[in-house]
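Please read the following report alongside the sequence and the 3D view. It is written for someone meeting this structure for the first time.

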Amino acid sequence: MENQIVNLTEAAALQIKDMMKQNEEEGYLRVSVKGGGCSGLSYGMGIDHEIGEDDIQLEQFGIQILVDKESGPILNGTKIDYKESLMGGGFTIDNPNAIASCGCGSSFRTATAAGTPEDC
């Protein structure tokens, strides 16, 4: 897998395609970082219908991905996977830039971006 800002695994791409099909929704997968969470930053993933002028556009496994230029350096090299377990399935995000994360796993900070920590 080539190193891009965001790297989807095939399992994640299939799950995203299934979710889009179930919701009868087409568009772009937007991956972002926003302030918040107990470690300062949190991830955002959702379907977007428009490309912003500050967006970086990628394509993997037929999924069009958008990342805004502010989130790009924080996400650089991030791997998004989808795993099934007895408790159900869920997306996992492995960000090589994260130097600290919280127990819930959805909040993090990097050496250059601390964000705005909140209580869990």
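The report covers salt bridges, a strand pairing and a pocket.

This is a predicted model, in which local features need pLDDT of at least 70 and side-chain atom pairs count only at pLDDT 80 or more, while totals for chains, interfaces and linings use all residues. Residues are numbered from 1 along each chain as its sequence is written, and side-chain values use heavy atoms, with hydrogens and water left out.

**Salt bridges**

Side chains of opposite charge can pair when their charged atoms come close. With a salt bridge taken as a side-chain nitrogen of Lys or Arg within 4 Å of a carboxyl oxygen of Asp or Glu, the count comes to 3 salt bridges.

| Pair | Closest N to O |
|---|---|
| R30 and D48 | 2.6 Å |

Through shared partners, R30, D48 and D55 are joined into one network of salt bridges. Helices (H or I, at least four residues) and strands (E, at least two) are DSSP runs, numbered from the N terminus. The salt bridge between R30 and D48 links distant parts of the chain, since R30 lies in strand 2 (residues 28-35) and D48 in strand 3, 18 residues apart.

Burial is judged by relative accessible area (buried under 20%, exposed over 50%, partly exposed in between, with a 1.4 Å probe and protein chains only). R30 is buried at 18%, and D55 is buried at 14%, whereas D48 is partly exposed at 22%. In the remaining pair, D81 is buried at 11%, while K83 is partly exposed at 46%.

**Strands 6 and 7**

Two strands pair if DSSP finds at least two bridges between them. Strand 6 (residues 78-85) and strand 7 (residues 88-94) run antiparallel and are joined by 7 bridges, and a hairpin connects strand 6 to strand 7 through 2 residues. Y82 has F91 in strand 7 as its bridge partner.

**The largest pocket**

A pocket is an open set of points on a 1 Å grid over the protein atoms alone, where a 1.4 Å probe fits, with protein on both sides within 12 Å along at least five of seven lines; lining residues have an atom within 4 Å of a point. The lining of the largest pocket includes I16, M19, L29, I47 and F91.
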